[in-house]
Amino acid sequence: MLSYYFKIATRSLRKQKMYTAIKVGGFAIGVAACTLIALFIHHELNYDNFYRNGQHLYRVVRIYRDGALEGRGVDCPAPFAPAMKDLMPEIETIARLNPNTLFTGGGNSFRRSNEVENHYEEGFAFADPEMLDLLEVSMVYGDRKSALAQPNSIVISKKISDMYFPGENPVGKTLIFNDDTQNPKQIGGVMQDFPDNTHLNFDFLITKKGLDFWPGEQTDWGASNYHTYLSLRAGTNVKAFEGKMLDAFFDNFYKDYLKNEGMDEAAISKIRGSTSLELQPISQIHLHSAEIKDTFSHGDQRMIWLFGTIAICIFLLACINFINLSTARSMERAKEVGVRKAVGSQRIQLVSQFLAESVILSLGAFVLGLLLANICLPFFNEMADKSLAMPWTAWWFLPLLAVAAIVVGLMAGLYPALYMCAFQPIRVLKGNLSRSKKNTSLRSTLVVFQFATSAALVIGAIVVLRQMNFISNTRLGYDKEQVLLLQGTQALGDKIPALQQELRQVSGVKSVSSSDYLPIVGGGSKRNTNTFHDVEKGDNSNEIELQIWTVDHHYISTLGMKIVEGRDFAKDMAGDSQAIIINQTMAKALNSDNPIGKRLSNNSQTFTVIGVVEDFHFESMKENIGNLCLHLGSSPGITAVKINAAEMPKTIEAVTKVWKKMSPSQAIRYTFLDEGFTKMYNEVQRQGGIFTSFAVFAILIACLGLFALATYMAEQRTKEIGIRKVLGASVAGITALLAKDFLKLVGIAILLAAPVAYYFMDQWLADFAYRIRLEWWIFAAAGIGALSIAFLTVGFQSLKAALANPVKSLKSE
């Protein structure tokens with residue numbers, strides 16, 4: 001019986017080649033889109049899900065509330081972790097991590113001790129020796145317990161070991177970092193590479209054993225620079241532990257620190273009531289850290305839901321094509337059903353026959369869809385910045401797809417099968433079967449859903465691209481164009497002034513400045529958060545949190561910033577070593593009509609405000625411009641070179657020659673400031689690319705279905721068109737007659753899509769402090785585009801039918 005069903009189904013599908021191709025093609029596109037999105041979602045949901053002890057692993061989050069405002073961060077003081085380990089028996093293991101670029105985390109130059117030329121790599125962090133045990137790090141060489149136990153030891157990843165120590169065990173070998181020969185690091189072990197789906201993707205872990213970033217750092221409760229991870233003993237009540245940990249931290253240590261800083265009991269009590277500690281499960285860090293300040297890139301749970309919804313909608317579009325085409329062509333198979341019923345076929349046999357056709361189509365579509373997904377996967381990986389792979393070897397993958405293909409085939413084919421099997425044989429064989437209005441209404445509803453989904457995706461793509469264009473063209477408060485950033489210049493040590501002087505002599509160089517603090521995120525740019533208070537007010541009860549950046553005398557001119565009050569730093573003013581320039585936001589926070597001359601202190605230094613710089617964006621535009629001040633000092637990791645655009649290639653060549661002269665053992669590394677700015681919004685660009693790609697998928701599937709329906713309707717009205725032409729109807733009139741019903745449906749779809757798209761894109765834009773307005777023309781453009789595409793799709797078949805010779809359609813009458 002099954003072979004009979006298969007034979008009849010195959011014969012029927014071969015008879016309708018175009019409709020079969022559209023059904024299978026639409027299904028295949030839907031399967032491909034769903035597969036790609038499913039791989040992406042699976043990867044995101046499984047971040048940090050591979051630890052055996054994962055259910056007991058947490059990260060400490062500090063929360064501070066000020067009225068309706070709430071700040072969340074992960075930086076804790078250096079003595080926090082050891083103090084909690086001593087006081088809290090519920091803690092099994094606790095360890096600190098410091099990936100901050102302020103302390104040379106991130107990227108560094110290094111070389112083997114027996115080499116001269118430096119190499120550069122990213123992925124550095126400082127860690128306690130216990131971190132390896134806590135994270136269950138697998139070792140290739142060395143012992144996990146002792147790999148970071150000695151001062152100046154380091155653990156490297158297998159990838160780095162294979163790259164720089166091919167075919168050898170590097171344990172015991174020495175590395176020199178940033179040409180600091182006084183503090184060499186000895187390799188204590190080689191760890192397996194971290195998986196792609198972890199937020200802790202480091203290649204170098206440097207021990208914190210015996211290392212202080214400044215004298216007394218390990219007992220300083222006032223500086224918070226460490227991410228703290230811990231594992232709790234089984235059976236610990238997490239909520240109760242959080243409260244107990246806060247009490248231990250504040251009452252035993254932080255309260256005394258605040259008293260020593262001169263705070264009164266009222267101020268301390270206010271801070272105590274506004275502070276809390278929270279444990280964040282390690283598996284939630286990637287998708288649930290949007291409001292938490294840390295140094296990692298994170299996913300967005302809302303985007304997971306959104307992409308999942310898009311995948312479902314695209315697959316439904318493909319299923320709708322199947323249902324629409326099956327029910328639309330039901331008249332063609334009515335006589336077949338009538339004859340088979342008349343000769344004794346049971347309803348269940350007919351249903352089984354039509355379901356067999358559906359399942360065959362579904363299986364074929366899944367095979368083609370998987371091939372298409374495999375072809376598109378490299379492009380999707382590039383667009384999404386992932387390294388996804390088809391899990392062909394996973395035991396569950398192919399069986400799951402086979403079951404899915406059968407289930408989808410049965411579900412998509414069930415309604416058409418039941419609909420066609422309900423035909424009454426007597427009426428069918430007499431030719432009295434008419435088209436069902438209910439059937440037509442269902443098809444119309446499904447077409448509306450298809451184009452509403454497509455229009456909503458198009459609107460989303462337009463909004464994302466408009467926001468990116470807005471970001472690219474917003475006045476930033478500094479000039480990001482033609483600024484070359486020489487990386488790793490701190491390795492030159494006392495040669496940096498000579499480097500600057502040599503560069504200023506190069507034709508085409510306008511200005512030179514050395515500072516690690518730049519208005520871009522990443523790329524070696526540092527951040528340093530501190531708290532200041534107004535000295536004139538006599539206490540520090542009204543502290544202001546701000547960024548304090550170390551710059552040189554040429555920083556403001558090189559980056560094209562503007563002084564709006566006071567003056568810039570001057571080399572002939574010795575007192576400028578204790579001076580600061582604040583931004584306009586900080587000036588407002590001081591609540592003073594004239595901030596020039598104000599004296600601000602962070603309890604270790606007191607500075608005098610000599611100028612106010614125009615606000616400039618130094619974080620993502622998702623955030624408001626924060627408080628910031630600039631002060632003179634040495635932070636020479638990056639040297640910015642402002643270049644004349646007309647002489648760019650020649651100037652870069654000359655800059656390279658200067659670098660080789662100053663640092664022959666280190667290859668030049670440079671980027672451009674505008675590239676760093678663009679990288680800040682890579683995630684937004686990726687979202688725009690994904691939106692656009694799947695909007696194209698959705699429109700393609702919808703147009704395939706519309707094309708097939710238009711073709712079928714034109715075939716059904718062939719004689720009517722012939723009669724109208726004989727009676728004098730014009731080609732334009734007939735084309736409009738055939739197209740108008742479909743265009744009405746598309747118009748309704750656009751009206752339904754607009755408010756839905758408005759709501760979701762308004763929610764997406766709410767993440768940006770600086771954003772576009774959702775203007776009416778965006779929705780009008782998407783609507784006109786959808787109508788145009790629909791008209792071209794339907795119009796082609798309508799015009800073809802209108803141009804047909806009426807003699808051919810009426811010769812049998």
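Which strands and helix do the buried residues of α14 pack against? Keep that in mind while you read these notes; the model is a predicted one, and point 2 has the reply.

1. Let us start with the whole chain. There are 23 helices and 25 strands in it. Of its 813 residues, 52% are buried. Take the contacts between residues at least 6 apart in sequence: 79% of them join residues at least 24 apart. When you look for the partners of a residue, then, remember to search along the sequence as well as around it.

2. Now to helix α14, which spans residues 496-504. Its buried residues are Ile496, Leu499, Gln500 and Leu503. They sit on the same side of α14, because the arc they cover around the axis is only 100°. And here is the reply to the opening question: the buried residues of α14 pack against the strands β15 (483-487), β16 (509-514) and β24 (638-643), and against the helix α17 (648-662).

3. Next, a pair of helices. For two packed helices, the description rests on the angle between their axes and the distance between the axes. Here the pair is α20 (residues 718-726) and α21 (residues 731-765), whose axes come within 10 Å and cross at roughly 150°. An angle over 145 degrees counts as roughly antiparallel, and therefore α20 and α21 are described as roughly antiparallel to each other. The crossing of α20 past α21 is right-handed. On the α20 side, the contact is made by Glu720, Ile721, Arg724 and Lys725; on the α21 side, Ile734, Leu737 and Leu738 take part.

4. You will find it in the loop between β3 (75-77) and α3 (80-87). Is proline 79 buried or exposed? Its relative accessibility is 8%, so proline 79 counts as buried. Leaving aside residues up to four places away in sequence, proline 79 touches Glu217, Gln218, Thr219, Asp220 and Trp221. Take one of these, threonine 219: along the sequence it is 140 residues from proline 79, yet the two are 5.4 Å apart in space, C-alpha to C-alpha.

5. Glutamine 280 belongs to strand β13 (residues 275-281). With a relative accessible area of 5%, this glutamine is buried, since the cut-off for buried is under 20%.

6. Finally, two residues with backbone angles worth a look. Most residues other than glycine have a negative phi. Threonine 104, however, has a positive phi, near 70°. Threonine 104 is in the loop between β4 (91-98) and β5 (106-112), and at 35% relative accessibility it counts as partly exposed. Aspartate 385 also has a positive phi, near 60°. Its place is the loop between α10 (347-384) and α11 (397-421). Aspartate 385 has a relative accessible area of 54% and is exposed.

How values were computed
Residues are numbered from 1 along each chain as its sequence is written. This is a predicted model: local features need pLDDT of at least 70, side-chain atom pairs count only at pLDDT 80 or more; totals for chains, interfaces and linings use all residues. Side-chain values use heavy atoms; hydrogens and water are left out. Helices (H or I, at least four residues) and strands (E, at least two) are DSSP runs, numbered from the N terminus. Buried means under 20% relative accessible area, exposed over 50%, partly exposed in between (1.4 Å probe, protein chains only). Contact means heavy atoms within 4.5 Å. The arc is that of the directions from the helix axis to the C-beta atoms. Axes are lines fitted to C-alpha atoms, for helices over the stretch in contact, and angles run from 0 to 180 degrees between N-to-C directions. Angles under 35 degrees count as roughly parallel, over 145 as roughly antiparallel, 65 to 115 as roughly perpendicular and the rest as oblique. A crossing is left-handed if the near helix is turned anticlockwise from the far one by less than a right angle, and right-handed if clockwise.
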